[in-house]
Amino acid sequence: MTPMIVALDVSKHFGPLKALDGVSLEVARGEVVCIIGPSGSGKSTFLRCLNQLERIDGGAIWVNGELIGYRREGDRLHPLSDREIARQRLASGMVFQRFNLFGHMTVLQNIIEGPVTVLRRPRAEAIADAMALLEQVGLSDKRDSYPAELSGGQQQRIAIARALAMKPELLLFDEPTSALDPELVGDVLAVMRDLAKGGMTMIVVTHELGFAREVANRVVFMDNGRVVEQGPPGTLLSTPTHARTREFIAAVLP
Ligand SMILES: Nc1ncnc2c1ncn2[C@@H]1O[C@H](COP(=O)(O)OP(=O)(O)OP(=O)(O)O)[C@@H](O)[C@H]1O
Ligand SMILES: [Mg+2]
């Protein structure tokens with residue numbers, strides 16, 4: 001079966017800085033991959049490249065078998081138009097550390113905004129879907145609340161519902177729990193665990209090694225814009241091969 005993601009020798013520079021330095025990674029359909037690594041190692045940049053929030057300057061990425069950002073004609077690559085890129089970006093939903101909900105809209109409006117304006121779904125259908133998603137994340141009673149009236153953990157669960165409302169083929173999470181008070185982390189991880197069980201393809205940048213150990217099919221350790229090593233969580237987190245990975249895990253584990 002076609003992998004959901006194939007990243008091949010991806011590089012991304014910011015001026016002289018190599019934020020990504022030849023990253024290759026495959027993610028199968030239904031797989032949950034956790035990416036760990038020190039600050040500045042390129043984790044967010046990699047997710048942003050997968051979702052075309054950044055344009056890569058070397059290598060190639062295929063999402064669900066489709067080359068992203070470019071169209072091949074013969075042996076030439078032509079950059080896609082903004083419109084084509086916007087279409088491709090719908091394949092992946094992104095959940096950020098800081099929720100990024102629309103503050104002037106209620107929970108329900110936040111969730112139906114994309115389906116109604118971007119996907120042109122009938123409003124009644126979008127609302128029915130949104131109510132099912134609110135149920136799924138355990139927040140049916142909050143449909144008419146504004147984001148500022150919710151806890152961080154509730155806002156993050158709404159952000160997940162909003163991403164799911166676009167019916168993405170995969171979800172990218174960038175440290176979804178690191179802005180939360182410790183007692184709110186569990187509810188968000190529980191929603192993510194359910195999504196994983198339901199077969200959603202997920203790439204999760206996280207420092208929650210317990211979650212990685214329990215839910216991930218594979219853990220990837222990045223440092224300096226490179227994938228240093230990867231493997232099943234039991235192996236990578238308990239008996240990493242590289243000294244750099246060992247040091248990082250020792251520093252993160254409580
Ligand atoms: N828009 C940008 N302009 C310039 N440099 C950038 C930009 N975005 C990221 N960088 C740099 O690229 C490198 C990788 O950053 P990135 O945000 O991907 O790291 P990270 O692994 O997500 O770190 P953290 O754990 O702190 O979130 C860093 O050195 C960062 O300063
Ligand atoms: Mg980051």
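A: What follows takes the ligand, then a helix residue, then a strand. This is a predicted model, where local features need pLDDT of at least 70, side-chain atom pairs count only at pLDDT 80 or more, and totals for chains, interfaces and linings use all residues. Residues are numbered from 1 along each chain as its sequence is written, chains are lettered from A and ligands numbered from 1 in the order in which they are written, and side-chain values use heavy atoms, with hydrogens and water left out.

Q: Which residues surround ligand 1?
A: A residue is near a molecule if one of its heavy atoms lies within 4 Å of it. Here the shell includes Phe-14, Leu-17, Pro-38, Lys-43 and Glu-175. By class there are four nonpolar, six polar and two charged residues; Ala, Val, Leu, Ile, Met, Phe, Trp, Tyr, Cys and Pro count as nonpolar, Asp, Glu, Lys and Arg as charged, and the others, Gly among them, as polar.

Q: Where are the polar contacts to oxygen atoms of ligand 1?
A: A polar contact is a pair of N or O atoms within 3.5 Å; within protein, one must be able to donate a hydrogen and the other to accept it, and residues adjacent in sequence count only if both atoms are side-chain atoms. The side chain of Ser-39 has an N or O atom 2.6 Å from a ligand oxygen.

Q: Is Gln-156 buried or exposed?
A: Buried means under 20% relative accessible area, exposed over 50%, partly exposed in between (1.4 Å probe, protein chains only). Gln-156 counts as buried because its relative accessibility is 0%. This residue belongs to helix α5 (residues 152–165).

Q: Which way do the residues of β10 point?
A: In a regular strand the side chains alternate between the two faces of the sheet. In β10, Thr-201, Ile-203 and Val-205 point one way, Met-202 and Val-204 the other, and all are buried.

Q: Which strands pair with β10?
A: Two strands pair if DSSP finds at least two bridges between them. Strand β3 (residues 32–36) runs parallel to β10, with four bridges, and Ile-35 is partnered with Val-205. Strand β9 (residues 170–174) is also parallel to β10, over five bridges; there Leu-172 sits opposite Ile-203.

Key:
Helix = DSSP H or I, 4+ residues; strand = E, 2+ residues; numbered from the N terminus.
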